[in-house]
Amino acid sequence: MRKNLLVLVGVACLYTAAGAAQAKATEKDLVGTWAGKYVGASSGSYEMTINRDAEGKLSGSVSPKPDDGEPYTSPFNSIKFADGKATMTLFDPAGNVEITLEATLEGSSLKGTYVVRARADGSEAERGTFTGTKKATKG
(Lines give C-alpha, C1' and ligand atoms only; values in the text may rest on other atoms or scores of the structure.)
Protein backbone atom coordinates (compact mmCIF):
# COMPACT_ATOMS: atom_id res chain seq x y z
CA MET A 1 0.00 0.00 0.00
CA ARG A 2 2.80 2.37 0.92
CA LYS A 3 4.55 1.55 -2.37
CA ASN A 4 1.38 2.37 -4.35
CA LEU A 5 1.04 5.68 -2.52
CA LEU A 6 4.63 6.63 -3.40
CA VAL A 7 4.02 5.77 -7.06
CA LEU A 8 0.83 7.86 -7.11
CA VAL A 9 2.59 10.82 -5.49
CA GLY A 10 5.44 10.52 -8.00
CA VAL A 11 3.04 10.43 -10.97
CA ALA A 12 1.10 13.40 -9.59
CA CYS A 13 4.34 15.39 -9.28
CA LEU A 14 5.28 14.57 -12.88
CA TYR A 15 1.88 15.69 -14.20
CA THR A 16 2.09 18.90 -12.17
CA ALA A 17 5.57 19.67 -13.50
CA ALA A 18 4.51 18.91 -17.09
CA GLY A 19 1.45 21.14 -16.74
CA ALA A 20 3.55 24.02 -15.44
CA ALA A 21 6.05 23.60 -18.28
CA GLN A 22 3.24 23.70 -20.84
CA ALA A 23 1.61 26.86 -19.50
CA LYS A 24 0.11 28.88 -22.32
CA ALA A 25 2.19 31.67 -23.74
CA THR A 26 0.94 35.19 -23.22
CA GLU A 27 0.78 38.20 -25.50
CA LYS A 28 3.79 39.59 -23.63
CA ASP A 29 5.81 36.54 -24.73
CA LEU A 30 5.18 37.45 -28.38
CA VAL A 31 6.68 40.95 -28.05
CA GLY A 32 10.27 41.10 -29.27
CA THR A 33 12.40 40.23 -32.26
CA TRP A 34 12.21 36.78 -33.82
CA ALA A 35 14.34 35.13 -36.49
CA GLY A 36 13.86 31.88 -38.33
CA LYS A 37 13.21 29.95 -41.52
CA TYR A 38 10.18 29.27 -43.68
CA VAL A 39 9.50 26.48 -46.18
CA GLY A 40 6.71 26.13 -48.74
CA ALA A 41 6.60 26.71 -52.49
CA SER A 42 9.40 29.15 -51.66
CA SER A 43 11.85 29.09 -48.78
CA GLY A 44 14.14 31.43 -46.94
CA SER A 45 14.79 33.19 -43.67
CA TYR A 46 13.00 36.01 -41.91
CA GLU A 47 13.23 38.47 -39.06
CA MET A 48 10.06 39.65 -37.37
CA THR A 49 9.58 42.38 -34.77
CA ILE A 50 6.49 42.64 -32.57
CA ASN A 51 5.83 45.71 -30.40
CA ARG A 52 3.08 46.66 -27.96
CA ASP A 53 2.13 50.33 -27.47
CA ALA A 54 0.97 52.05 -24.29
CA GLU A 55 -2.66 51.09 -25.01
CA GLY A 56 -1.65 47.44 -25.43
CA LYS A 57 -2.09 47.28 -29.22
CA LEU A 58 0.29 44.93 -31.01
CA SER A 59 2.12 46.06 -34.14
CA GLY A 60 5.25 45.10 -36.02
CA SER A 61 6.81 44.05 -39.26
CA VAL A 62 8.40 41.08 -40.95
CA SER A 63 11.43 41.02 -43.25
CA PRO A 64 11.54 37.84 -45.34
CA LYS A 65 14.70 36.97 -47.27
CA PRO A 66 13.69 34.46 -49.94
CA ASP A 67 16.37 32.01 -51.08
CA ASP A 68 15.49 32.91 -54.70
CA GLY A 69 14.37 36.52 -54.55
CA GLU A 70 14.77 39.98 -53.15
CA PRO A 71 14.35 40.66 -49.42
CA TYR A 72 11.68 43.13 -48.32
CA THR A 73 10.00 44.45 -45.18
CA SER A 74 6.24 44.74 -44.69
CA PRO A 75 4.28 45.99 -41.68
CA PHE A 76 1.62 43.74 -40.19
CA ASN A 77 -1.96 44.82 -40.91
CA SER A 78 -3.15 43.04 -37.79
CA ILE A 79 -1.78 40.94 -34.96
CA LYS A 80 -4.16 39.01 -32.74
CA PHE A 81 -3.25 36.82 -29.81
CA ALA A 82 -5.63 34.38 -28.12
CA ASP A 83 -5.35 31.04 -26.34
CA GLY A 84 -1.57 30.95 -26.71
CA LYS A 85 -1.69 31.46 -30.49
CA ALA A 86 -0.84 34.46 -32.65
CA THR A 87 -2.48 35.31 -35.98
CA MET A 88 -0.78 37.98 -38.07
CA THR A 89 -1.69 39.37 -41.50
CA LEU A 90 0.24 41.53 -43.96
CA PHE A 91 0.35 42.45 -47.64
CA ASP A 92 3.33 41.98 -49.91
CA PRO A 93 5.03 45.27 -50.91
CA ALA A 94 3.07 45.47 -54.17
CA GLY A 95 -0.20 44.83 -52.32
CA ASN A 96 -1.15 41.93 -54.59
CA VAL A 97 -1.31 39.19 -51.97
CA GLU A 98 -2.32 38.87 -48.33
CA ILE A 99 -0.19 36.65 -46.13
CA THR A 100 -1.63 35.11 -42.96
CA LEU A 101 0.69 33.66 -40.34
CA GLU A 102 -0.58 31.49 -37.49
CA ALA A 103 1.95 30.69 -34.77
CA THR A 104 2.16 28.85 -31.48
CA LEU A 105 4.74 29.96 -28.92
CA GLU A 106 6.68 27.62 -26.68
CA GLY A 107 9.13 29.53 -24.53
CA SER A 108 11.54 31.33 -26.83
CA SER A 109 10.49 29.28 -29.87
CA LEU A 110 7.61 29.66 -32.26
CA LYS A 111 6.29 27.49 -35.05
CA GLY A 112 3.40 27.81 -37.38
CA THR A 113 1.93 27.94 -40.83
CA TYR A 114 1.49 30.63 -43.45
CA VAL A 115 -0.94 31.03 -46.33
CA VAL A 116 -0.54 33.43 -49.25
CA ARG A 117 -3.76 34.46 -51.02
CA ALA A 118 -4.35 36.69 -54.04
CA ARG A 119 -6.17 39.82 -52.94
CA ALA A 120 -8.09 40.01 -56.23
CA ASP A 121 -9.98 36.73 -55.83
CA GLY A 122 -8.79 35.11 -52.58
CA SER A 123 -7.25 32.13 -54.36
CA GLU A 124 -4.44 30.38 -52.52
CA ALA A 125 -1.03 31.00 -54.08
CA GLU A 126 1.20 29.30 -51.53
CA ARG A 127 1.17 27.51 -48.20
CA GLY A 128 4.02 26.55 -45.90
CA THR A 129 5.47 26.32 -42.42
CA PHE A 130 7.87 28.43 -40.38
CA THR A 131 9.90 28.17 -37.21
CA GLY A 132 11.78 30.78 -35.24
CA THR A 133 13.49 31.73 -32.04
CA LYS A 134 13.30 34.91 -30.04
CA LYS A 135 16.42 37.03 -30.08
CA ALA A 136 17.86 38.00 -26.71
CA THR A 137 17.13 41.58 -25.73
CA LYS A 138 20.03 43.91 -25.20
CA GLY A 139 20.17 45.69 -21.95
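**View 1. Arg119 places its charged end over the ring of Phe91.** The distance to the ring centre is 3.6 Å. A charge counts as over a ring if NZ of Lys or CZ of Arg is within 6 Å of the ring centre and within 35 degrees of the ring normal. The model is predicted: local features need pLDDT of at least 70, side-chain atom pairs count only at pLDDT 80 or more, and totals for chains, interfaces and linings use all residues. Residues are numbered from 1 along each chain as its sequence is written, and side-chain values use heavy atoms, without hydrogens and water.

**View 2. Tyr38 and Tyr114 form an edge-to-face aromatic pair.** Their ring centres lie 6.1 Å apart, with 90 degrees between the planes. Rings of Phe, Tyr and Trp (its six-membered ring) pair if their centres lie within 6.5 Å; planes under 30 degrees apart are stacked, over 60 edge-to-face, the rest tilted. Tyr38 lies in strand β1 and Tyr114 in strand β7, so the pair ties together parts 76 residues apart in sequence. Strands are DSSP runs (E, at least two residues), numbered from the N terminus. Both tyrosines, Tyr38 and Tyr114, are buried (under 20% relative accessible area, 1.4 Å probe, protein chains only).

**View 3. Tyr46 and Phe130 also pair edge-to-face.** The values are 6.1 Å centre to centre and 90 degrees between the planes. Tyr46 is in strand β2 and Phe130 in strand β8 (residues 124-134), 84 residues apart. Tyr46 is buried at 8% relative accessible area; Phe130 is buried at 5%.

**View 4. Met88 contacts residues including Met48, Ile50, Phe76 and Leu101.** Contact means heavy atoms within 4.5 Å; neighbours within four places in sequence are left aside.

Note on methods
Helix = DSSP H or I, 4+ residues; strand = E, 2+ residues; numbered from the N terminus. Buried < 20%, exposed > 50% of the residue type's maximum accessible area, 1.4 Å probe, protein only.
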